[in-house]
Amino acid sequence: MPVIRIIHRTSLAPSEAWLRLTDWERHGAQVPFTRTVIETAPPTHVGTIFTARTGAGRITFDDPMEVVVWRPPAPGPAHGPGAGSAGLVRLEKRGRSVTGWAEIEIRRSPAGGSEVHWREDLRVRGLPRALDPVVAAAGRLLFGRALARLLRP
């Protein structure tokens, strides 16, 4: 599958954007017919496991994920001495049906606020490669909408 890339700018500070985008239970609330189940004790860290369960009734599929990189943004100005660093979280998808990875990077914007880079490699087992463009377009729409809602001031 092609990598899905979304860039979103927000007036939120990097630390606030980080808190909102790494609240995994809130992600499930933004995706139709989805809820998120956290399987490890808080707080989130490398090794945290959670599952996005999507479906209705008995027709569901699970998208289990593990946090493999956890680097919250460091405070500081956008540039110059003592500049803050970008935050990065990487998730590895561990499911039978859905595999791949997702990264959320949050950078301080020189104009104020933050710039969020969402990258995702979404693979659905058994789906022909000819459908990659359809999956990528649906992913951009779905993840872009979730991202905008999670970052709404």
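Visitor: Which residues of helix H1 are buried?

Guide: Buried means under 20% relative accessible area, exposed over 50%, and partly exposed in between (1.4 Å probe, protein chains only). In H1, which covers residues 14-21, the buried residues are Pro14, Ala17, Trp18, Arg20 and Leu21. They lie on the same side of H1, because they cover an arc of only 165 degrees around its axis; the arc is that of the directions from the helix axis to the C-beta atoms. As a general idea, an α-helix has 3.6 residues a turn, so residues three or four places apart point the same way.

This is a predicted model, with residues numbered from 1 along each chain as its sequence is written. Local features need pLDDT of at least 70, side-chain atom pairs count only at pLDDT 80 or more, totals for chains, interfaces and linings use all residues, and side-chain values use heavy atoms, without hydrogens and water.

Visitor: What covers the buried residues of H1?

Guide: The cover includes helices H2 (24-30) and H3 (132-150), together with strands S4 (59-71), S5 (87-94), S6 (98-108) and S7 (114-124). Helices (H or I, at least four residues) and strands (E, at least two) are DSSP runs, numbered from the N terminus.

Visitor: Which residues of H3 are buried, and where do they lie?

Guide: Asp132, Val135, Ala136, Gly139, Phe143, Gly144, Ala146, Leu147 and Leu150 are buried in H3. Seen down the axis, these residues fall within an arc of 165 degrees, so they line one face of the helix. Pro133, Val134 and Leu141, on the other side of H3, are exposed. The buried residues of H3 pack against strand S1 (3-10), H1, H2 and S7.

Visitor: Is Leu142 buried, exposed or partly exposed?

Guide: Leu142, which lies in H3, counts as partly exposed because its relative accessibility is 30%. Contact means heavy atoms within 4.5 Å. Leaving aside neighbours within four places in sequence, Leu142 is in contact with Val31 and Pro32.

Visitor: How much space lies in the largest pocket, and which residues are closest to its centre?

Guide: A pocket is an open set of points on a 1 Å grid over the protein atoms alone, where a 1.4 Å probe fits, with protein on both sides within 12 Å along at least five of seven lines; lining residues have an atom within 4 Å of a point. The largest pocket holds about 630 Å³ of space. Of its 30 lining residues, Val31, Asp63, Lys93, Leu142 and Phe143 are the closest to its centre. H3 gives the most to this lining, with 6 residues.

Methods:
Grid points are joined across faces, edges and corners, and a volume is the space filled by probe spheres set on the points.
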